[in-house]
Every structure is written in structure tokens, then in C-alpha cells.
Amino acid sequence: MKKVIHIVGARPNFMKVAPIYRAIAERTPLEQILVHTGQHYDAKMSDVFFADLGLPAPDVHLGIGSGSHAQQTARMMVELEKVFLAHPPALVSVVGDVNSTIAAALVTSKLGIPLAHVEAGLRSYSPHQPEEINRLVTDRLSDLLLTPSRDADANLLKEGTDPARIHFVGNVMIDSLFASREKADKLPVLKDLGLIPHGYAVCTLHRPSNVDDPKTLGGLLSAVAHVATRLPVIFPVHPRTRKVISEHGLNTWFERTPSLRPVEPMGYLDFLALTSKARLVLTDSGGLQEETTAMGVPCLTLREQTERPITVEEGSNEVVGTDPVRIRLAADRVLDGEGKQGRVPEFWDGRAAERIADLFASFLGVEDRPIQAASA
Ligand code: UD1
């Protein structure tokens, strides 16, 4: 039977691949191979997600680990080429915009293997952002461009992409969210942290542009510490951010503000339980902008721009930049009752993975299912 190889590597990949893997198993006869590059290797950044999302253990684990962009991407490419030659796939499926995505895209195209990109067409229009480079190159090389929102279709068309390659399937990350919400609601996370529903905020920061420079990170922490004077702020700290905090003495923000509470990175279900009942989320994550929109939780994005504008146009997200004064004013507005609720965008309906599975089957000629996805 024809094989699909899925590539995962970093934390935001797992919740995208889990529903696709499940839908393909349920709806098609395709064989599936799951390859983990090992870009993220801490148990709290990787293993826990497999358990939480019901993803099977990877068939192949490359154990690449950290390094400069060139080192990390190059090591992945060398190992992925071996895997694709040993298990020739009919299609390689990549998700998102991390280094594992672009490494797989480059190897796949050079070997002449068809490539599908899930979450295609997003653009921040910041040419030096590593994720933007990964998105541009991956989209350029992909045979199937599976988009989460209509703005992504428009971006691809503007770049001269053949409309036949573009398929609006909806947001696969929201499939995982809807499938897990009930389970997450039963977890004792709030009780364990001594929180009451809607009585706390959540903060995450990990973008290199926000955390690598201690001055920028210090400014952001000062704004978040202000929020913590009004209600507890739970801050699961990414390893990249933790390193800068401890190397540059930024721990003082936590010592001075006990209600600003750093915690270890959390698993998918625990974090969902936490964010779903938050009064406010402050973040520089892409996925969290989407998840808060799907749950109607007010979100302030601490970046100058977003590649997910639909979360601002239709959802509960507001892009407030990195100026501490602006963040404080925006947070005060939300806490004073003026937070956005928004609405859930088109095709963020929990069925994006089914559309993707049907598209893969039809692309590979193994099943004669009607394609639910709308072509651009
Ligand atoms: C990567 C993605 C980013 C995504 C993020 C989610 C790229 C270019 N960036 O950024 O788009 O939003 O994942 O988390 O692919 N580290 C650990 N343990 C781990 C993983 C990383 O300690 O399991 C530390 C290492 O010191 C490493 C640093 O974090 O050098 C950064 O990891 P890396 O995978 O390079 O990028 P992220 O910042 O995690």
C-alpha cells in the first residue's frame, strides 16, 4: 500500500499531526510512517504530547537536538534523506513552519517525492523571521498547499501560486483542541495551582526576537509583572527563555512579584485546561493566538505583527507589540472588561483533518472519496 510519511519535530507540530494521523487511519487504506526529527527532545517539550494526543510512538526518531539553524537543518536533511530512501513514500506531509518542516521539504523535493504542507500560506511579511523563511520555502516546494484560512489562500495567489495546488481545509490544530477539551476540563490543574476560573492570566514567551536579547525580555517581564499586580499570572517557561532569564539575572522579576509564577512547560491537556479558563492570555506563540480565538479567550500578542491575521479580524486576538507601556495599557483594558470575544473562523470546526485525509487519498488515487475542501 502507498505510504505517507509525516514529519514532526517541535512542540507545535504534535497537535497538528495527531488528528491527521487518526483521520488517515480511519478513512483511508494508506500506510503511515511517523518520523520525529528530535528538534525538541525534553520530555516536557515532546514525550508528554504523544501521550496527551494519542499519537503512536514515532516509527523513526532521528535524535537531532539543538544547534544553529544551519547545523540543525543540515543534520535533519542528511538523516531524512536516508529515511526516504529506505522507505520510499508516495507523499511526505509536513506541518507548520519549524526547522524540521523546511528540512523535510527540501529533501522531499530534491528526491522528486510529492510534498503536502499543512498550514500553508501564512505570512508575517517579516523577511528575517526564521519561521517566515521556512514558510516561504516550504510553500514554494509543496504540491498540496493545505490552508487554514482564506487569507492564506490570498497570500499564495498573490505570490503567483497555481490555484490547483491550494486547498482550503481549515485549522487542524483546532481539531485537536475540540477533541481534547472534555478531557482537559476534568483535570485538576486549576485546583493544583490554587486558581479560580477566570481569576488569572497566562503568559508564554519564546520567540528569539523577544527572548534572546535580555533587554527586550526584561521589558516584557516588566509589563507582565504589572499584570501580575492585578491577578496571578501563570508563566510556563520555554527552555530558550529560561536560559536567558537565569543567565542575565532576570529572576528578580519573579522574586519581586510573587503572583508572577514561573512553572515548567506544561503538557497539552494541562495547558488547555489552564488557557481555556484564563481571563487573559499574553503570548508570542502562533498556535496560542489560534487556540484562544477558538475558545473566545482574550489574547494579547506580544509581537509587532502576526501571520495569523484572522485571529485579529475575527477572533479574540489583539497584536500589541513589545513596548511595555502599550502592553500594560492593553492588559488593563482587557482586565477592565473590554477584552475581545470574537467568533470562530470558517472551517475551524474540528474536521480539517478529515478533509486532509480525503485529499491525500484522492491525490494518491487510492480512494474515491468526495473532497470536502474548497479549492481556491
Ligand atoms: C522552535 C521553532 C518555533 C516554535 C517553537 C515552539 C524553529 C526555527 N523554531 O523554536 O517556530 O514556535 O519551536 O517551541 O524551528 N531546547 C531545550 N529542550 C528542547 C528544545 C529546545 O532545552 O526540547 C533549548 C535549546 O537550548 C535550544 C533552544 O531551546 O537551543 C531553542 O530550541 P530550537 O528548537 O532551536 O527552537 P525553539 O526556540 O524551540
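**View 1. Residues around the ligand in the predicted model.** Among the 17 residues around the ligand, those that come nearest are Gln39, His40, Glu131, His206 and Arg240, where a residue is near a molecule if one of its heavy atoms lies within 4 Å of it. The shell around the ligand comprises 5 nonpolar, 8 polar and 4 charged residues, with Ala, Val, Leu, Ile, Met, Phe, Trp, Tyr, Cys and Pro counted as nonpolar, Asp, Glu, Lys and Arg as charged, and the others, Gly among them, as polar. This is a predicted model, in which local features need pLDDT of at least 70 and side-chain atom pairs count only at pLDDT 80 or more, whereas totals for chains, interfaces and linings use all residues. Residues are numbered from 1 along each chain as its sequence is written, and side-chain values use heavy atoms, with hydrogens and water left out.

View 2. Polar contacts are pairs of N or O atoms within 3.5 Å. An N or O atom in the side chain of arginine 240 is 2.6 Å from an oxygen atom of the ligand, and a polar backbone atom of tyrosine 41 is 2.8 Å from a ligand oxygen atom. For serine 66, a polar side-chain atom lies 3.5 Å from an oxygen atom of the ligand. On its own the ligand has 740 Å² of accessible area (Shrake-Rupley method, 1.4 Å probe), of which the protein covers 88%.

**View 3. The ligand between two domains.** Domain 1 (3-170 + 348-375) and domain 2 (180-335) both give residues to the shell around the ligand, which therefore lies between them; the domain bounds come from an automatic or database assignment.

Terms used: A polar contact is a pair of N or O atoms within 3.5 Å; within protein, one must be able to donate a hydrogen and the other to accept it, and residues adjacent in sequence count only if both atoms are side-chain atoms.
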